[in-house]
Amino acid sequence: MPPIPGSGLAKGLAVTLRTMTRKTVTAQYPDVQPELPPRSRGVIALFEENCTVCMLCARECPDWCIYIDSHKETVPAATPGGRERSRNVLDRFAIDFSLCMYCGICIEVCPFDALFWSPEFEYAETDILELTHERDKLREWMWTVPEPPALDPAAEEPKEIAAARKTAEKLEAQRAQEAQSSQEARQAEQPRQAQQATEQPQATEQPPQPQESQRPETEGES
């Protein structure tokens, strides 16, 4: 059946009329902040303590906007006779957000959870050079990173938590066993001490020694 002439125009006018009757809602930004989704990609934050300078984020970045400098330090041996070890120390960690395309690859490939998404997006600058955030600035964004969402009650327990829980339960059982063994040893020692106390002979009192009799003085004795 061929379309009725003017049906498309009628549908368009109907959509326009429905829209005209609705109340318009204007977001009063920046006075009213928008409600962002939980996984919004605003800016990348750095948790410096977890960074091991493995360079995975810089190598995998498709825009090459991550700059990392480091040096090696010698760590003395932890035990006598052990060998010294070397570790990387972070000197510079910077991200050029004028080049970043917010793909999130650096956050995904980081094996030590040193990079996080922050929902903050208000960091525009008048100078493009100011969009290169050094590690101090990236550390400040960590305070804006939201908490991770709660786990599904039906989800499996994480391996790290399960291992830590098993270790704690093992230590608790070991302590309880040691306490029980020490208590049993004390209970077994008490009858033995009581028996030894009854077998010891009681100390006899010494008889009083006779006192010397005083002789009466005679007239001849001077």
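1. Serine 118 lies in strand S4, residues 115–118; strands (E, at least two residues) and helices (H or I, at least four) are DSSP runs numbered from the N terminus. The model is predicted, with pLDDT of at least 70 needed for local features and 80 or more for side-chain atom pairs, while totals for chains, interfaces and linings use all residues. Residues are numbered from 1 along each chain as its sequence is written, and side-chain values use heavy atoms, without hydrogens or water.

2. Serine 118 is buried, at 0% relative accessible area (buried: under 20%, 1.4 Å probe, protein chains only). Beyond its neighbours within four places in sequence, serine 118 contacts residues including Arg41, Trp141 and Thr144 (contact: heavy atoms within 4.5 Å).

3. The largest nonpolar core comprises 28 residues, and Ile66, Phe93 and Leu115 are among those with the most contacts inside it. Such a core is a set of buried Ala, Val, Leu, Ile, Met, Phe, Trp, Tyr and Cys residues joined through side-chain atoms within 4.5 Å. S4 is one of the elements that supply at least two residues of this core, whereas S1 gives the most, with four.

4. Isoleucine 66, leaving out residues up to four places away in sequence, touches Cys57, Ala58, Cys61, Phe93, Ala94, Ile95 and Cys106.

5. Nineteen residues is not the whole account of the largest pocket: its lining of 19 residues divides into 11 nonpolar, three polar and five charged. Arg39, Phe116, Trp117, Val145 and Pro149 lie nearest the pocket centre. S4 gives the most to this lining, with four residues.

Note on methods
Buried means under 20% relative accessible area, exposed over 50%, partly exposed in between (1.4 Å probe, protein chains only). On a 1 Å grid over the protein atoms alone, a cavity is a set of points where a 1.4 Å probe fits but cannot get out, and a pocket is an open set with protein on both sides within 12 Å along at least five of seven lines; lining residues have an atom within 4 Å of a point. Ala, Val, Leu, Ile, Met, Phe, Trp, Tyr, Cys and Pro count as nonpolar, Asp, Glu, Lys and Arg as charged, and the others, Gly among them, as polar.
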